[in-house]
Amino acid sequence: SCLQGGEFLAQENTRVGLLFASKALVQLLVNPWVGVLTNRIGYHIPMFLGFTIMFLSTLMFAFSGTYTLLFTARALQGVGSAFSSVAGLGLLASVYPEDSERGRAMGIALGGLALGVLIGAPFGSVMYEFVGKASPFLVLALLALLDGALQLCILQPSRISPESTKATPVSTLLRDPYILVAAGALCFSNMGVAMLEPTLPIWMLQTMCSPQWQLGMAFLPASISYLIGTNLFGILANRMGRWLCSLIGMAVVGISLLCVPLATNIYGLIGPNAGLGFAIGMVDSSMMPIMAQLVDLRHTSAYGTVYAIADVAFCMGFAIGPSTGGAIVRALGFPWLMVMVGALNVAYAPLCCLLRSPPAAEESTVSL
């Protein structure tokens, strides 16, 4: 019975991959504009705009009955995510100027992201099977309303409070090799899980005869370990060296991905997925503070534009991963996809050594 509809599932890899990638592609395009906007009007209003757009996209998901409407809702979600993530990370970087406090705060924030992913996949799959398609999205819409109410009470997003210092142009930051190395680490480490999201459930249906509820549960170990990793290394990464933490994390990401195709049932996925989530937590909780540190050290201390670049790198992983992953699975098979992206992460890991002691602006101009 596992093989029934196998050809249909193989074709769906591409359509599902494009649906997943649409959010990241739109978010990638919107991010630079949000970075410029935060420098001019502050972080509070863009964060509230992000909440509003996310609320509307969640309602669209609940009542969409066609692929086109789902695609539109997913793209709209990308716009909301761009406003929320760039403004949120920039706000944390400006409120916590001290390096160790900033790392701890960003670890907690990334832990919040992990908590959403942790609950999201199993919650969605269980609610879909036992309650109905619209139910998880309606619950999320109610939670989004609560978030909006908290923002109105605490952040007061009607105030315009531009950055005190003029932000370095995005074009200048993109020419900084150290920022590019950090952005590459974020992109490639997250590309692995981005490729797994649309392709692993279909591979499980084809090879493990998995019931619907298991498709979301497969990601539970990754989400739990990411939650642990971001909170743990938000503190530890500063002590052991963020460059070393990122290097080890990328190597473990690669090894975990190579082990995924060896699983023959859902229990065999626990180890590789847990290793993957923990390692991505190591990279994210190290690279996000490094981005702010590089701007402080080599440019001006305005954070909207650099976190726009960080989010673009993150989104490139989630855009390239699903959109190409489905096509690669169809051409070469799921195991070869894991080998390719795993080897890419292991090969990129040594570049993190460049972030060990980046020179300040005056030193870099002399050395260049």
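A218 is buried in the predicted model, at 3% relative accessibility, where buried denotes under 20% relative accessible area, exposed over 50%, and partly exposed the range in between (1.4 Å probe, protein chains only). The model is a predicted one, in which local features need pLDDT of at least 70 and side-chain atom pairs count only at pLDDT 80 or more, while totals for chains, interfaces and linings use all residues. Residues are numbered from 1 along each chain as its sequence is written, and side-chain values use heavy atoms, with hydrogens and water left out.

A218 lies in the loop between helix 8 (212-217) and helix 9 (220-240). Helices (H or I, at least four residues) and strands (E, at least two) are taken as DSSP runs and numbered from the N terminus. With residues up to four places away in sequence not counted, A218 touches L200, M204, I266, L269 and N273, a contact being heavy atoms within 4.5 Å. The C-alpha atoms of A218 and I270 are 7.3 Å apart in space, and the two residues are 52 residues apart in sequence.

The chain contains 14 helices and 0 strands. In order from the N terminus, its elements read α-α-α-α-α-α-α-α-α-α-α-α-α-α. Of the 368 residues in the chain, 52% are buried. Among contacts in the chain with a separation of 6 or more, 85% are between residues 24 or more positions apart.

Helix packing was examined next. Two packed helices are described by the angle between their axes and the distance between the axes. Axes are lines fitted to C-alpha atoms, for helices over the stretch in contact, and angles run from 0 to 180 degrees between N-to-C directions. The axes of helix 7 (residues 177-207) and helix 10 (residues 242-259) come within 10 Å of each other and cross at roughly 20 degrees. Helix 7 is therefore roughly parallel to helix 10; angles under 35 degrees count as roughly parallel, over 145 as roughly antiparallel, 65 to 115 as roughly perpendicular and the rest as oblique. The crossing of helix 7 and helix 10 is left-handed, a term applied if the near helix is turned anticlockwise from the far one by less than a right angle, with right-handed applied if clockwise. On the side of helix 7 the contact involves A185, F188, S189, G192 and L196, and on the side of helix 10 it involves M250, V253 and L257. By class, this contact of helix 7 with helix 10 has 6 nonpolar, 2 polar and no charged residues. In this classification Ala, Val, Leu, Ile, Met, Phe, Trp, Tyr, Cys and Pro count as nonpolar, Asp, Glu, Lys and Arg as charged, and the others, Gly among them, as polar.

Helix 10 also packs with helix 11, their axes coming within 8 Å and crossing at roughly 150 degrees. The two helices are therefore roughly antiparallel to each other. By class, the contact of helix 10 with helix 11 has 17 nonpolar, 7 polar and 1 charged residues. The crossing of helix 10 and helix 11 is left-handed.

Two residues of helix 11 were considered individually. M291 is found in helix 11 (residues 270-298) and is buried, with a relative accessible area of 0%. Its contacts, not counting residues up to four places away in sequence, are I179, A182, A183, L186, V306, Y307 and A310. M291 and Y303 are separated by 12 residues in sequence and by 8.7 Å in space, C-alpha to C-alpha. P272, also located in helix 11, counts as buried at 11% relative accessibility. P272 and P261 are 11 residues apart in sequence, with a C-alpha to C-alpha distance of 9.4 Å.

For helix 12 (residues 304-332) and helix 13 (residues 334-348), the axes come within 7 Å and cross at roughly 125 degrees. Helix 12 is therefore oblique to helix 13. The crossing of these helices is right-handed. G325, I328, V329 and L332 of helix 12 make the contact with F334, W336, L337 and M340 of helix 13. By class, that contact has 7 nonpolar, 1 polar and no charged residues.

With a disulfide defined as a pair of cysteine sulfur atoms within 2.5 Å, the count is 0 disulfides. C245 is in no disulfide, and the nearest cysteine sulfur, that of C352, is 9.7 Å away. C245 is buried at 0% relative accessibility. C187 is likewise buried, with a relative accessible area of 7%.
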